[in-house]
Amino acid sequence: MLMSYQLELRHFKYFMAVAEELHYRKAAERLFISQPGLSRQIKQMEEILDAQLLIRSKKKVSLTPAGEYLRGELEFVLNHLELTKKQLKLINEGSSGELRIGFLGSAMQSIVPKLLVKLQDVYPNIRTSLDELSNHAQVNAVLKDKLDLGFVRLARVPEELNIKPVFDDSFSVVLPENHPLDSKSFKGMKQLKEESFILFSQDYSPLYYDKVMSICEDAGFTPKVSHRSVHAQTIFTLVENKLGIAIIPTSLQYGFDLNVKFIELKKIKQRAQLSVIWKKDNRNPVLKHGVNLLLNKS
C-alpha cells in the first residue's frame with residue numbers, strides 16, 4: 001500500500017519523457033523542469049518500484065528490460081487517461097462520446113462513409129474522428145487505445161483484437177489511358193509480364209503485396225517492381241505518366257480523375273478482403289454501437 005501511495009502521475013510522465021527522448025536534458029526541457037530535478041524524480045521512482053528502469057552513461061540513456069515493459073504499459077495507461085478526459089468533456093457537453101476510426105484509403109470509397117452516415121442517423125450524439133494509417137500503424141494504435149476501430153487488409157492480428165471481414169473486393173489492373181490493352185483485348189496477366197509494376201509498399205500492406213505477387217506468379221512470372229508507394233493517388237499518377245502499371249483493389253478506382261484505365265481481373269482466385277478490427281477489452285462505451293451498425297447487428 002505504501003508503494004502505490006508514494007507513486008504519483010508525475011512520476012509516470014517524467015519517466016515517459018526520458019524513455020521517449022533517451023536524453024535527460026531534452027526530457028527536462030520538454031517537461032519545463034531542471035535536469036537535476038528530473039534525475040531525482042526518476043531515482044525516487046526506481047526506489048519506490050524497487051527496479052532499475054534506466055541505464056545512464058556519459059554518452060547515452062537506455063531502457064532496462066523492466067523499463068521497456070513499463071514504457072509499454074504506461075503508454076496504454078496515459079493514452080487511456082487522455083481518452084477518459086476527452087470523453088468526459090464530450091459527455092458533459094451533451095455528446096455520447098467519440099469513436100476514433102483508422103482506415104486504409106480503399107476503405108474510404110464505401111465502407112467508412114456508409115458507417116459515418118449510419119452513425120449520424122442512428123446515434124447523432126456520437127462524434128467521430130478519422131485517421132488514414134497503414135495496417136501496422138492501425139494495429140498498434142488499436143492495441144494502445146489510440147483508435148477504437150481500424151479498417152485493414154490483414155489475415156491475422158494479435159489475439160487481443162477482434163477481426164471481422166466487412167468487404168470482399170476483386171482486383172483490377174491500372175494502365176495508362178493509351179495503353180494498347182483494353183477490357184476486350186485483355187486475356188490474362190501473361191500479357192503484362194514485360195511491364196514494370198508500381199505497388200503499395202510491402203510494409204504498408206504485406207497481405208496486398210503478397211497477393212499481387214501471387215497473381216503474377218500464377219500467370220507464370222515474377223513482376224518487375226519499379227516503384228512503391230503508400231498512396232493510391234501517387235500510384236495512379238505514376239501510371240498516368242507511363243512509369244509502370246499497377247494492381248489495386250477494384251473499389252479504390254473511384255474518386256480519382258486521372259488519365260488511367262482499369263481492367264477488372266474477374267477470372268483470378270485472389271480477392272481483396274477488407275476487415276474491421278477492434279480491441280476485445282476496449283472500454284469506450286460508443287464502440288459497440290459502431291461495431292453493431294457495421295456488422296448489421298441490432
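Q: At about what angle does helix H8 (residues 206–218) run to S10?
A: This is a predicted model, in which local features need pLDDT of at least 70 and side-chain atom pairs count only at pLDDT 80 or more, while totals for chains, interfaces and linings use all residues. Helices (H or I, at least four residues) and strands (E, at least two) are DSSP runs numbered from the N terminus, and contact means heavy atoms within 4.5 Å. Angles run from 0 to 180 degrees between N-to-C directions, with axes as lines fitted to C-alpha atoms, for helices over the stretch in contact. Helix H8 lies across S7 and S10, and its angle to S10 is about 125 degrees.

Q: In what order do the strands of the three-stranded open sheet stand?
A: Residues are numbered from 1 along each chain as its sequence is written, and side-chain values use heavy atoms, with hydrogens and water left out. The edge strands here are S10 (246–249) and S11 (260–264), each pairing on one side only; two strands pair if DSSP finds at least two bridges between them. Neighbouring strands of this sheet are turned by 35 degrees against each other on average, direction ignored. The pairing is antiparallel, and the order is S10-S7-S11.

Q: Which residue in S11 is the bridge partner of valine 174?
A: Strand S7 (residues 171–176) pairs with S11 in the antiparallel sense, over five bridges. In S11, the partner of valine 174 is phenylalanine 262.

Q: Which strands stand at the edges of the five-stranded open sheet?
A: Going across this sheet, the order is S4-S3-S5-S12-S6, with mixed pairing. The twist averages 20 degrees from one strand to the next. Two strands have a single partner each, so one side of each has no neighbour in the sheet. Those edge strands are S4 (126–132) and S6 (161–169).

Q: What is the bridge partner of arginine 100 in S4?
A: Strand S3 (residues 97–103) runs parallel to its partner S4, and the two are joined over seven bridges. Within S4, arginine 100 has as its bridge partner serine 129.

Q: How many of the five residues of strand S8 (residues 196–200) are buried?
A: S8 pairs with S9 (residues 224–229) in the parallel sense over five bridges, and serine 196 has lysine 224 in S9 as its bridge partner. Buried means under 20% relative accessible area, exposed over 50%, and partly exposed in between (1.4 Å probe, protein chains only). S8 is largely enclosed by the rest of the structure, because the number of its residues that are buried is four.

Q: Are H2 and H4 roughly parallel or roughly perpendicular to each other?
A: The axes of H2 (residues 9–21) and H4 (residues 35–49) come within 10 Å and cross at roughly 115 degrees. The contact is made by Arg10, His11, Phe12, Tyr14, Phe15 and Val18 of H2 and Leu38, Gln41, Ile42, Gln44, Met45 and Ile48 of H4. Under 35 degrees counts as roughly parallel, over 145 as roughly antiparallel, 65 to 115 as roughly perpendicular and the rest as oblique. H2 and H4 are therefore roughly perpendicular.

Q: In which handedness does H2 pass H5?
A: H2 and H5 (residues 65–92) pack at about 120 degrees with their axes 10 Å apart, and they are therefore oblique to each other. Residues of H2 including Phe12, Phe15 and Met16 meet residues of H5 including Leu70, Leu74 and Leu78. A crossing is left-handed if the near helix is turned anticlockwise from the far one by less than a right angle, and right-handed if clockwise. The crossing of H2 with H5 is left-handed.

Q: What is the relative accessibility of phenylalanine 32?
A: Phenylalanine 32 sits in the loop between H3 and H4, with a positive phi of about 60 degrees although it is not a glycine. Leucine 22, in the loop between H2 and H3 (24–31), has a positive phi of about 50 degrees and is partly exposed at 37%. Phenylalanine 32 counts as exposed, with a relative accessibility of 77%.
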